[in-house]
Amino acid sequence: MKILGIETSCDETSVGIINDKGEILSNLVYSQVQKHAPYGGIVPEVASREHVKAIGWVYNLALEQARTNLKEINLIAVTAGPGLQGPLLVGISFAKGLSLALNIPLIGVNHLMGHLYSCMIEDTAFKPPFLALVVTGGHTLIVLVEDIFVHKILGSTRDDAAGECLDKAARLLGLGYPGGPAIEKAALGGNASYYRLPVPLKKEDSLDFSFSGLKTAVYYLVEELKKNGKEIQVNHLSASVQEAVFSSLLDRLEKAQDKTGVEKIAVVGGVASNERLKYRLREFTEKRHLVLSVPSPALCTDNGVISAFVGLLKHSYNRIDNNIIDAQPFLTLQE
Ligand code: KG4
Ligand code: ZN
């Protein structure tokens, strides 16, 4: 059995193919970053058009790299949401066409589940129960995964997501888009104590997050430095922002671990590809003798394999349904 996963929820056009052991046969990702960079962020209309242009060749190349014949594909899994409506519809329409033309079953998958279970693709020994920190451009969640498809959200962001905060701070610092990797690069050699920034909700007992205050603090700091004619030390400020965001993530993760006693930790989503965050996570988990699973960067950021993997899990756990697939921009992990 082979599963073909399609992902177009944001600005990556991706097709991934896996086998029934969850092994990756190919994972093609066309990033539209260069197309959106001049605008400083993702333009949904541009994203839809780029997906339409790319989806065909990305699909062909994914099949070619997987050395797979179409007859060997038994299931198509496509991201149904959350994400941008137009971009989602491109992937869904393509998947529907493929499914009808080739008579292969098609299911819609929740992109957040794709990220959530991405920690089990390479690390095959990593199984529930685990605590997951999901950190993407649109979501920041702490989830208790009791079993496959049995999970509870313990905390989420009240405003901006962690990735969004890094993206917005990068914009304020003139580092361009996408902000997370740009901040990571600029922060190398920077001193995180040079500028003082608040660690959001540090004293609160809840497992929620809030990053809009931090973003505002960066804004006022930059304005003040400009007003006083002082040079902005971009490397120091990048390091400070990164450290404040990650301290908040670690603080919540520690609290969640205290509360649940769960000894396995997964950190997934685009932000989890950050080396500094991974360093701090290793420090934390080693100190507490916890097991840590962080996917390799290619599986942290958006890709088709994570959709295919949810398809495989749905197949294995008899969760395949015949629901009509529609784009669900605001789909949550609960649904
Ligand atoms: O999971 P993802 O690719 O897409 C969403 O589902 O949102 O996450 C994208 C987010 C962006 O905010 C991006 O800036 C951030 O992940 N990101 C990073 C890094 N690579 C991507 N943040 C920090 N360090 C990175 N190396
Ligand atoms: Zn994503």
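Predicted model: local features only at pLDDT ≥ 70, side-chain atom pairs only at ≥ 80, totals over all residues.
Leucine 201 belongs to the loop that runs between α6 (179-187) and α7 (212-227).

## Cis peptide bonds

Two proline positions deserve a look. The bond joining glycine 81 to proline 82 is cis, and its omega is near -5°. Proline 82 is part of the loop between β4 (73-81) and α3 (85-102).

The peptide bond from proline 128 to proline 129 is likewise cis, with omega near 5°. The loop that holds proline 129 lies between α4 and β6 (130-135).

## Domain layout

The chain falls into two parts: domain 1 covers 2-117 + 299-316, and domain 2 covers 125-294. On the domain 1 side, 19 residues take part in the contact, and on the domain 2 side, 21 residues do. Between the C-alpha centres of domain 1 and domain 2 the distance is 27 Å.

## The contact between the domains

The size of an interface is often expressed as the accessible area lost when the parts come together. For domain 1 and domain 2, the area buried between them is about 1500 Å², and carbon and sulfur atoms account for 77% of it. Within domain 1, the residues that lose the most area to domain 2 are Leu116, Tyr117 and Cys300, which together make up 39% of what that side buries.

Zero salt bridges are counted between domain 1 and domain 2. Polar contacts between the two domains are present in four residue pairs, with both residues at pLDDT 80 or more. By residue class, the side of domain 1 that touches domain 2 has twelve nonpolar, five polar and two charged residues.

## Surroundings of ligand 1

Ligand 1 is surrounded by 19 residues, and the closest are Gly137, Asp167, Gly180, Glu184 and Gly270. Gly180 also has a polar backbone atom 3.0 Å from an oxygen atom of ligand 1. For glycine 163, the distance from a polar backbone atom to an oxygen atom of ligand 1 is 3.2 Å.

A side chain takes part as well: an N or O atom in the side chain of asparagine 274 is 3.0 Å from a nitrogen atom of ligand 1.

How values were computed. Residues numbered from 1 in each chain as written. Chains lettered and ligands numbered in written order. Heavy atoms only, no water. Domains from an automatic or database assignment. Contact = heavy atoms within 4.5 Å. Buried area = accessible area lost by both parts, 1.4 Å probe. Salt bridge = Lys/Arg side-chain N within 4 Å of Asp/Glu carboxyl O. Polar contact = N/O pair within 3.5 Å; in protein donor to acceptor, adjacent residues only side chain to side chain. Nonpolar A, V, L, I, M, F, W, Y, C, P; charged D, E, K, R; others polar. Near = heavy atom within 4 Å. Helix = DSSP H or I, 4+ residues; strand = E, 2+ residues; numbered from the N terminus.
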